[in-house]
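Please look over the sequence and the model shown here before reading on. The report that follows takes up a few local features in turn.

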Amino acid sequence: MNNYFSRNQRAGYGFILPSAIMMLLVIAYPIAYGFFVSMFDTNLMNRWNFVGFKYYWQAVTERDFLDKVLLTFKFTIMVVAGNFIVGTLLAVLLNRKIKGRAIFRLILILPWLFPEVVVALLWKWMFDPIYGLVNHVLVSAHLISEPIAWLSTASYALLAVVFVAVWKGYPLVLIFVLAGLQSISEDLYEAAEMDGATKWQSFLHITLPSLKTVLGTTLVLETIWWFKHFTIIELLTQGGPVNATSVVSIDIFKLAFTDFRFGQASALAFIVFLICFLISFVYRRLLSDETK
C-alpha cells in the first residue's frame with residue numbers, strides 16, 4: 001500500500017514538475033531578480049553600488065511618486081468603471097434574441113482583437129487637432145466651436161486616454177458577462193415573472209447574484225491589468241502634457257530606458273507588484289466573504 005501511494009505521489013510530482021519549472025522561470029525568477037537589482041545603483045553592466053532599501057524609502061517619501069500612484073489609481077478606476085458599464089450594458093443587449101446578434105457580437109469584440117499599438121496609433125490620428133476625425137465630427141455637429149488638441153492639453157489628455165482604454169478594454173468584460181448571462185437558466189426568470197417580479201427586480205435578485213463570481217474575477221483582472229498598463233498611454237501622450245498622464249508605468253520606463261537608472265526603476269516596479277498583489281488579495285477576501 002505504501003509503495004502504491006509513493007508511486008502515485010511520484011507520478012503526481014512528475015506531472016506538475018514542468019508547470020512548476022515554467023512558473024519559476026517565468027514568474028519567480030524575474031521577480032527575485034528585479035528585487036535584487038533594486039538593491040543597487042546600477043547600469044546592469046559595470047556599476048553595481050549597493051544602496052539597500054534607499055530607493056524604496058525615496059519612493060514612499062517623495063511626493064512626486066505618491067502623486068503618480070494616485071494618478072494611476074484614478075486612471076484605473078475610470079477605465080475599469082467605463083469597461084464595466086459599457087461591457088455589461090452591451091452584454092445584456094446581446095443576450096437578447098435580436099436579429100443579426102452574431103454579427104453585432106463579432107463587431108463589438110473587434111477592439112479587443114486589435115493590438116494595442118494599432119489601437120493607440122489609430123486613435124492618435126483620430127484625435128489629431130488638424131486633420132483628426134474626432135474634431136471634424138464634433139465641429140460638424142456644432143458641439144465645439146473650434147478644434148481641440150485632445151492629447152496635448154492637460155485638461156483633456158487623461159480623458160482622451162481613458163476613452164481609448166475603455167474602447168480597447170470593454171470587450172473583455174462583454175465576453176465574460178455575456179458568458180455568465182447565458183449560463184443562467186431561463187426557468188428562473190419565468191418563475192420570477194409568474195410571481196409578479198418586474199424586470200428590474202429579476203435583474204437585482206437573479207442576474208446580479210448569478211454573475212457575482214464572473215464579475216468578481218473580471219474586476220480583479222481588469223484592475224491589475226490597467227493599473228500596470230503602459231502601451232496605450234506611452235504611444236498617445238508619453239506621459240504628458242505636463243505629467244497629466246504620467247502614471248507609474250511611464251515613470252518606470254523613463255527611469256530604466258531613458259535615464260538608465262535600473263535600480264530605482266526596479267524598486268518602483270517591485271512596489272507596483274506589491275500594490276497589485278494587495279489589490280488581488282483584498283478583492284479575493286471580499287469576494288470570499290460575500291460567498292459564505
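## Salt bridges

Asp 41 forms a salt bridge with Arg 47, and their closest N and O atoms lie 3.4 Å apart, where a salt bridge is a side-chain nitrogen of Lys or Arg within 4 Å of a carboxyl oxygen of Asp or Glu. By this rule the count comes to five salt bridges. Asp 41 is partly exposed, with a relative accessible area of 23%, and Arg 47 is partly exposed as well, at 30%; here buried means under 20% relative accessible area, exposed over 50%, and partly exposed in between, with a 1.4 Å probe and protein chains only.

This is a predicted model, in which local features need pLDDT of at least 70 and side-chain atom pairs count only at pLDDT 80 or more, while totals for chains, interfaces and linings use all residues. Residues are numbered from 1 along each chain as its sequence is written, and side-chain values use heavy atoms, with hydrogens and water left out.

## Pairs that involve helix H3

Asp 67 forms a salt bridge with Arg 63, the closest N and O atoms being 2.8 Å apart. Because the two residues are four apart in helix H3 (residues 63–94), about one helical turn separates Asp 67 and Arg 63; helices (H or I, at least four residues) are DSSP runs, numbered from the N terminus. Asp 67 is partly exposed at 34% relative accessibility, whereas Arg 63 is exposed at 62%.

The side chains of Asp 251 and Lys 68 also meet in a salt bridge, at 3.1 Å from N to O. This pair links distant parts of the chain, since Asp 251 lies in helix H13 and Lys 68 in helix H3, 183 residues apart. Asp 251 is buried, with a relative accessible area of 14%, and Lys 68 counts as buried at 10%. Salt bridges that share partners join Asp 64, Lys 68 and Asp 251 into one network. Leaving aside its neighbours within four places in sequence, Asp 251 is in contact (heavy atoms within 4.5 Å) with Lys 68 and Leu 268.

## Packing of H6 and H7

Two packed helices are described by the angle between their axes and the distance between the axes. Helix H6 (residues 116–126) and helix H7 (residues 133–140) pack at an angle of about 40 degrees, with their axes 6 Å apart. The axes are lines fitted to C-alpha atoms, for helices over the stretch in contact, and angles run from 0 to 180 degrees between N-to-C directions. H6 and H7 are therefore oblique to each other, given that angles under 35 degrees count as roughly parallel, over 145 as roughly antiparallel, 65 to 115 as roughly perpendicular and the rest as oblique. Trp 123, Trp 125 and Met 126 in H6 meet Leu 133, Val 134 and Asn 135 in H7.

## Backbone features in loops

Most residues other than glycine have a negative phi, and most peptide bonds are trans. His 142, in the loop between H7 and helix H8 (154–182), has a positive phi near 60 degrees, and this residue is exposed, with a relative accessible area of 71%.

The loop between H12 and H13 holds Gln 238, whose phi is positive at about 55 degrees although it is not a glycine. Gln 238 is partly exposed, at 37% relative accessible area. Pro 241 lies in the loop between helix H12 (231–236) and H13, and the peptide bond from Gly 240 to Pro 241 is cis, with omega near -5 degrees.
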